[in-house]
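Please keep the sequence and the model side by side while reading.

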Amino acid sequence: MKTLKELEEIRQRTLESVNLRKDRKGARVVVGMATCGISAGARPVLMAFVEEIQNRRLLDATVTQTGCIGVCRLEPMVEVYMPGEEKVTYVNMTPEKVKRVVSEHLVNGQVVREFIIGAVEKKD
Amino acid sequence: MQDLSLHLLDLIQNSIVAKANLVKITIHEDEKKDWLHIAIEDNGKGMDQETIKKAIDPFYTTRTTRRVGLGIPLFKATARRCKGDLKLESTVGKGTRIEARLQLGHIDRPPFGKLDDTIVTLILCNPEIDFVYSHNTNYGELKLDTREIRNVIGELPIDHIEVITWIQSYISKGLNEINGGVQ
């Protein structure tokens, strides 16, 4: 069984980087987590963001949830807020798409246009 | 919903909307008696008798975006399909308790799914809420209380990615142990 002692070590090891986080200026990722989102696969999408953010050490990024965004047929939906920029809404998300959103949008600041709500709706 | 962990994630959204700051998730599997109990208890704003009755109805929701609310009805249907049922108790101002009983070995009983992902998602997305997760099987007990974690990590936020990663591995290893080493 893992013990809380490991957490104590994590605390000491991590506190320095937390100070940098106090005014969070990084990306904010919001995943829709109502019944519609969850049944469409929102949780694996959220977990993929956590994993990618951890892998790339984007320590100022935050991942959080919201309720029903309102277009249930396009779930899982994800809103990405980059500091100083307009919100971008990604639809029909999958863990595979998350990798591209993290590397292209969160890291390089380029919106992945083919996954956003406007592009997907036009195609249909 | 494909599995029980997704039902849990969904049902607890109700506790979040009800402004709970403590949510207790209790799972009790008894292979010998062939029963599974799942309970969610919160200290949110609660519901009156009238609202409790409506909450079981798929065509009731407090949301304004849409006129259906499927979380509780879907879970009730799952429980009933497995020779069980769902009970909803609530007191205005005190909180709500939802409890389901299912036959553990029933052929229609959905798998547990990724309980670790559900708990981690809840903690990550609701760092201001405390969660107590306890899971008993015939092989052992797994317990996680975010209040204890907060005591250890002090000023480090609970939604910090390193803490979240630790919690996930704590739960997944713990689940492995209480399942007799088999997932």
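**A helix pair in chain B**

In chain B, the axes of helix α1 (residues 4–17) and helix α4 (residues 115–125) come within 8 Å and cross at roughly 20°, where axes are lines fitted to C-alpha atoms, for helices over the stretch in contact, and angles run from 0 to 180 degrees between N-to-C directions. Because angles under 35 degrees count as roughly parallel, α1(B) is roughly parallel to α4(B). Their crossing is right-handed, the term used if the near helix is turned clockwise from the far one by less than a right angle. Helices (H or I, at least four residues) and strands (E, at least two) are DSSP runs, numbered from the N terminus.

This is a predicted model, in which local features need pLDDT of at least 70 and side-chain atom pairs count only at pLDDT 80 or more, while totals for chains, interfaces and linings use all residues. Residues are numbered from 1 along each chain as its sequence is written, and chains are lettered from A and ligands numbered from 1 in the order in which they are written.

On the α1(B) side, B:Ser5, B:Leu8, B:Leu9 and B:Ile12 meet B:Leu115, B:Asp117, B:Thr118, B:Thr121 and B:Leu122 of α4(B), a contact being two residues whose C-beta atoms, placed from the backbone, lie within 7 Å. By class, this contact has five nonpolar, three polar and one charged residues, where Ala, Val, Leu, Ile, Met, Phe, Trp, Tyr, Cys and Pro count as nonpolar, Asp, Glu, Lys and Arg as charged, and the others, Gly among them, as polar.

Strand β5 (residues 130–137) of chain B holds B:Tyr133. Is B:Tyr133 buried or exposed? With 24 C-beta neighbours inside 10 Å, B:Tyr133 counts as buried, since a residue is buried if 20 or more other C-beta atoms lie within 10 Å of its own, exposed if 12 or fewer, and partly exposed in between. Leaving aside residues up to four places away in sequence, B:Tyr133 touches B:Ile25, B:Ile119 and B:Leu144, and its C-alpha lies 5.7 Å from that of B:Lys143, 10 residues apart in sequence.

Chain A has five helices and four strands, which follow one another from the N terminus as α-β-α-α-β-β-β-α-α. Of its 124 residues, 35% count as buried. The four strands form an open sheet of mixed pairing in the order β2-β1-β3-β4, two strands being paired if DSSP finds at least two bridges between them. Strands β2 (62–66) and β4 (88–90) of chain A stand at the edges with a single partner strand each, so one side of each is left without a neighbour in the sheet. From one strand to the next, the twist averages 25°.

Within this sheet, β1 (residues 28–32) and β3 (residues 78–81) of chain A run antiparallel and are joined by four bridges, with A:Val30 standing opposite A:Glu79. Across β1, β2 and β3 of chain A lies helix α3 (residues 42–55), which runs at about 165° to β1(A).

Helix α3 also takes part where the chains meet, for the elements of chain A that give two or more residues to the side touching chain B are α1 (4–21), α2 (35–40), α3 and β2. The contact takes 28 residues from chain A and 34 residues from chain B. On the side of chain A, α1(A) gives the most, with nine residues, and by class that side has 16 nonpolar, seven polar and five charged residues.

Note on methods. Parallel < 35°, antiparallel > 145°, perpendicular 65-115°, else oblique.
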